[in-house]
Amino acid sequence: MCDFNTLTEEEKKLHHEKLLQCANNFGGINFFLQLLEAIRETKPHPLVSANREFNIELGTVKWNKVIFNDKLQLLLKARVNESKQDNLLPEKEAKNYKKILNVVRTLKPVVFHVKPTVKEDGPGFFFQPFDVIDENRTKLNPVFDALFFCSVATVKKVLNYAPKA
C-alpha cells in the first residue's frame with residue numbers, strides 16, 4: 001500500500017475508503033495523522049512494546065500478543081518485496097520462506113484495537129496485521145501497513161485521494 005501510485009484505481013479507492021473510515025472512527029483525519037506521526041517518532045518501534053500498547057493524548061493502540069524485535073525486522077524485510085510479488089510470502093524455494101511464514105503464523109492471530117481517548121471522537125476500530133488470500137498468498141493489511149510502516153505523506157495522499165468518476 002505504501003507504493004500508492006502503482007495501485008489500480010479500484011485498489012486506491014478501496015484503500016482510501018478503508019483508511020478514511022478508520023480516521024473518522026478515531027476523531028478525524030487530523031487526529032489519525034497525529035497518531036501516525038507519534039508512532040513514527042517513537043523509538044524503539046512501538047510494536048515491540050512489552051506492555052502491548054501505545055498511548056498518546058488522543059488515544060490508544062492495544063494488541064493482544066508481544067511482538068519481538070526479530071519478528072519485526074523480518075516483517076520489515078518481507079514487506080519491501082510485497083508489492084513486486086503481490087504476496088508477502090516469498091517463493092517456496094527461497095531460503096527465507098520458512099522464516100517469513102513463521103512470522104505470518106506468529107502474528108496472524110494478533111488483533112489491534114485503536115480507540116480515541118474521548119468517546120465522542122468515535123468508536124475506534126480494530127484490525128489484524130494480514131489479509132490471507134489463500135494458502136499461498138498473504139498480504140499486509142493496508143490499515144496495519146499505514147498505521148505502522150508507510151510514510152505519513154503517503155497516508156495523507158491515500159486519505160486525500162479523490163476517486164476518478
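The following chat walks through selected features of one predicted model.

Me: What kind of model is this, and how are residues numbered?
Reply: The model is predicted: local features need pLDDT of at least 70, side-chain atom pairs count only at pLDDT 80 or more, and totals for chains, interfaces and linings use all residues. Residues are numbered from 1 along each chain as its sequence is written, and side-chain values use heavy atoms, with hydrogens and water left out.

Me: Where does Lys62 sit?
Reply: Lys62 belongs to strand S2, which covers residues 59-63. Helices (H or I, at least four residues) and strands (E, at least two) are DSSP runs, numbered from the N terminus.

Me: Is Lys62 buried, exposed or partly exposed?
Reply: Lys62 counts as partly exposed because its relative accessibility is 42%. Buried means under 20% relative accessible area, exposed means over 50%, and partly exposed lies in between (1.4 Å probe, protein chains only).

Me: Which residues is Lys62 in contact with, leaving aside its neighbours within four places in sequence?
Reply: Lys62 is in contact with Arg52, Glu53, Val111, Phe112 and His113. Contact means heavy atoms within 4.5 Å.

Me: What does Lys62 form with Glu53?
Reply: Lys62 and Glu53 form a salt bridge, with their closest N and O atoms 3.9 Å apart. A salt bridge is a side-chain nitrogen of Lys or Arg within 4 Å of a carboxyl oxygen of Asp or Glu. Glu53 is partly exposed, because its relative accessibility is 25%. Glu53 also stands opposite Lys62 in S2.

Me: How do S1 and S2 run, and how many bridges join them?
Reply: S1 and S2 run antiparallel and are joined by four bridges. Two strands pair if DSSP finds at least two bridges between them. A hairpin of two residues leads from S1 to S2.

Me: Moving on, what is the peptide bond from Lys43 to Pro44 like?
Reply: The bond from Lys43 to Pro44 is cis, with omega near -10°. Pro44 is in the loop between helix H2 (29-41) and strand S1 (53-56).

Me: How many salt bridges does the structure hold?
Reply: The structure holds five salt bridges. One of them is between the side chains of Arg79 and Asp145, at 3.0 Å from N to O. Arg79 lies in helix H3 and Asp145 in helix H5 (residues 142-148), so this pair ties together parts that are 66 residues apart in sequence.

Me: Are Arg79 and Asp145 buried or exposed?
Reply: Arg79 and Asp145 are both buried.

Me: Which residue forms a salt bridge with Asp86?
Reply: Arg137 does, and the closest N and O atoms of the pair are 2.9 Å apart. Arg137 lies in strand S6 (residues 137-140) and Asp86 in the loop between H3 and H4, so the pair ties together parts that are 51 residues apart in sequence. Salt bridges that share partners join Asp86, Arg137 and Lys139 into one network.

Me: How accessible are Arg137 and Asp86?
Reply: Arg137 is partly exposed because its relative accessibility is 30%. Asp86 is partly exposed as well, because its value is 33%.

Me: Back to H3: how many residues has it, and how far does it reach?
Reply: H3 has 17 residues and reaches 25 Å from its first C-alpha to its last, close to the 24 Å expected at 1.5 Å a residue. The expected span is 1.5 Å times one less than the number of residues.

Me: Where does H3 bend?
Reply: H3 bends by about 30° at Arg79. The bend at a residue is the angle between axes fitted to the seven residues ending there and the seven starting there.

Me: Which residues of H3 are buried, and what covers them?
Reply: Lys71, Leu72, Leu75, Ala78, Arg79 and Glu82 are buried in H3. Their cover includes H4, strand S5 (130-134), S6 and H5.

Me: What follows H3?
Reply: H3 is followed by Asp86, which has a positive phi near 55°.
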